[in-house]
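Q: Here is a structure to go through. Please say what each label rests on.

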Amino acid sequence: MSVALFIPCYLDQFYPDVAIATLELLERLGVDVVYPDGQTCCGQPMANTGCTADCAPVARRFVELFSPYDSIVCPSGSCTAMVRHHYDEYFADDDPKFNHVKSRTFELCEFLHDELQIKELDVQFPHKVSIHQSCHGLRELRLGSCSENMTVREDKVRNVLNLVHGIQWCSPTRTDECCGFGGTFAVNEADVSAAMGRDRVADHVASGSSVLASADMSCLMHLQGIIRRESAPIEVMHVAQILAGRNPKHVGNA
Amino acid sequence: MKSLPIVDHPTKARPFVADTERFHWHDQALWFVRSKRDKQAGSVPEWEHLRSLASQIKTETIANLGDYLVEFERNATALGATVHWAADAAEHNEIVLKILRDHETLRIVKSKSMLTEECGLNHFLEDNGIEVVDTDLGERIVQLRKETPSHIVLPAIHIRKEEVGDTFHEHLGTDEGASDPQYLTEAARQHLRDKFLAGEVGITGVNFAIAETGGLVVCTNEGNADLGVSLPRVHIACMGIEKLVPRFQDLSVFIRLLARSATGQPITTYTSHFHGPRDPNSELHIVLVDNGRSRLRNSNEFREALHCIRCGACMNTCPVYRRSGGHSYSATVPGPIGSVLSPTRDSSRYKSLPYACSLCGSCSDVCPVKIPLHHQLLAWRKELVGENLLPYSKRISMKAASILFRSPRLFSMAGWMGRKSLKILPHWATHNRLNTWTIARELPEPPRESFRHWYAENRKR
Ligand code: SF4
């Protein structure tokens, strides 16, 4: 099985370690994984702004680049949801390349949980951790149960993290409220977005957590910006980093 | 008609969200309602099934709306009601005024109705010399303060009890500085009692109308609708044409969903059925209002918005609504459903509303009739771009992004420059008011190299 790594644009440029952790993790699990050259972005910023015409060529490029692989794995729920649920309008219903990419693009936790079905990991993480559920992971990919629906689903992010030894779970009171990032929303509605982010951070801090983990780095980028501005006693880590055995920064500094 | 100001949600939200104490209190009050709703929804094992049923019934109703309306009119008329048809708000108001004039009425009592709010009925009647008393407590508070409701179920949710005390002190003569809810409610009760006794015509909204029987259902928690129409001889019921359900038995689905979704109660305190006028000496007038609904029905993209039963759950759950307040939407119906509906009336005036959303999708999952609200908001954005209503600056930046993402070389170069400049530039140059991101947040610390660069170095094949 050939697996292509899809690294969203902002991860590539600003959070390379999340991508490296994803790669190392998959390699350690024996996956034959490559990073196709020439990839950029899934087109989500344009699509979410409503600029369909600007998104279309980017989407087509994406499918062209990734269609040769058996599976495509992405350490971001939001970008995965973009490909799986919002690409339809750019392709014909019976486009074989598109249908292949659409059905074979997975978010990282989803891939580990459903495709690889991993049952153990030799990794320690003896820290207090709370999960920030990303809205797109939750409500578009259904990676877990969301509080509005009375449907019980497996929480794939937590299940995967539960394979790590030593995590002490902390839970924010609002289990899955939006952090306020929302892509261009964060700039468009800067005041409301920041207020949402501050509330989110406060809820996680109050839970006693010292590591705020998420499967979406975009939410974390926004929350981290607030944490650093407010010097809040918590740090963010991507799930891939925890699974790959990285330590929280505060441990190194201590 | 004088041209209306463009609604700019971020600007209108700013003062609300800047008042930290108020927005937290507003957020928590609504979150409390949302949590109650979760408990109630969770206590019904077939909750998700009910939502699907409700959505199917609505789809069927809207598809055959013309037939059901005719059936409703026939059956309501047979019960002795008079049915009026209004194409728009102006016609609705004229019809109501004519009925009032026919009965030489100077005073009306009105129970909660977002439709009359949508039609601007209060102002219209007052301009015509008629006293209008809103009898829902929240609406009365808002009315006394000369404001508009900020929520469709909890019209005065933006006002604190201390402020209600001030308003009542001024208008009803309660003690200065009083803020005890019990005391204030009692004062309002006495005040409204007099108004009920003096009312000559009662106006109500309609929660559901049943085609099969010609009957109406009005749900309230205060019993004010019942009181408002029990004393006067004339009852005018104003309803949007989408309030119809085909069969009597369909009600069971919606009644179970409505109160649970709205306030987290198993059922509203009063669920009143009106089948024709009360007695031979009374009159029941039903005004069926289109006001843009047929147009919405013709839209493949937004038709499902007509399913809305006005429970307000999407507002209670919306993290943006909770922190920006209902008035920031400058529309009769605020929140997610309001942001879908308002642009259908005037896309250029309400163009900022579809962007007042982080696309979290909580509204779609909470909606008892399964309107895909956040997908509709996304669809609106496309629509607005198609109508050339997106600001030039945004259009240009999206064009630029598209070009960038089509070329890996350009993309790498831009990324390199971005990281470099972040490293070199002093903090004040990157963190200032010109960069909206950095008003409340720090930018990420730029890493030494990009992943693609790392990969090329470390995983050469
Ligand atoms: S859109 Fe749905 S959740 Fe919102 S008010 Fe209407 S029925 Fe309720």
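A: A residue counts as near a molecule if one of its heavy atoms lies within 4 Å of it. In this predicted model, 13 residues lie around the ligand, and Cys308(B), Cys311(B), Gly312(B), Cys314(B) and Cys367(B) come nearest.

Q: What makes the residues of the shell around the ligand nonpolar, polar or charged?
A: The class follows from the residue type: Cys counts as nonpolar and Gly as polar. On that rule the shell divides into 11 nonpolar residues, one polar and one charged.

Q: How do you know what confidence the predictor has in chain B?
A: The pLDDT scale runs from 0 to 100. Chain B has a mean of 92 on it, and 98% of its residues reach 70 or more. For the model, the scores are ipTM 0.95 and pTM 0.94.

Q: Why is the pair Asp12(A) and Arg452(B) called a salt bridge?
A: The rule asks for a side-chain nitrogen of Lys or Arg within 4 Å of a carboxyl oxygen of Asp or Glu. The closest N and O atoms of Asp12(A) and Arg452(B) are 2.6 Å apart, so the pair meets the cut-off of 4 Å. Across the interface of chain B and chain A the rule finds 13 salt bridges. The largest share of the side of chain B that touches chain A comes from helix H2 (residues 20-42) of chain B, with 10 residues.

Q: Which residues of chain B lose the most area to chain A?
A: The area buried between the two chains is about 6400 Å², and carbon and sulfur atoms give 58% of it. In chain B, Phe405(B), Arg441(B) and Phe451(B) lose the most, together 12% of what that side buries. The contact takes 77 residues from chain B and 72 residues from chain A.

Q: What makes Arg84(A) and Glu110(A) a salt bridge, and which parts does the pair tie together?
A: Their closest N and O atoms are 2.8 Å apart, within the 4 Å of the rule. Arg84(A) lies in helix H5 (residues 77-86) and Glu110(A) in helix H7 (residues 108-115) of chain A, so the pair ties together parts 26 residues apart in sequence.

Conventions:
Residues numbered from 1 in each chain as written. Chains lettered and ligands numbered in written order. Predicted model: local features only at pLDDT ≥ 70, side-chain atom pairs only at ≥ 80, totals over all residues. Heavy atoms only, no water. Contact = heavy atoms within 4.5 Å. Buried area = accessible area lost by both parts, 1.4 Å probe. Helix = DSSP H or I, 4+ residues; strand = E, 2+ residues; numbered from the N terminus.
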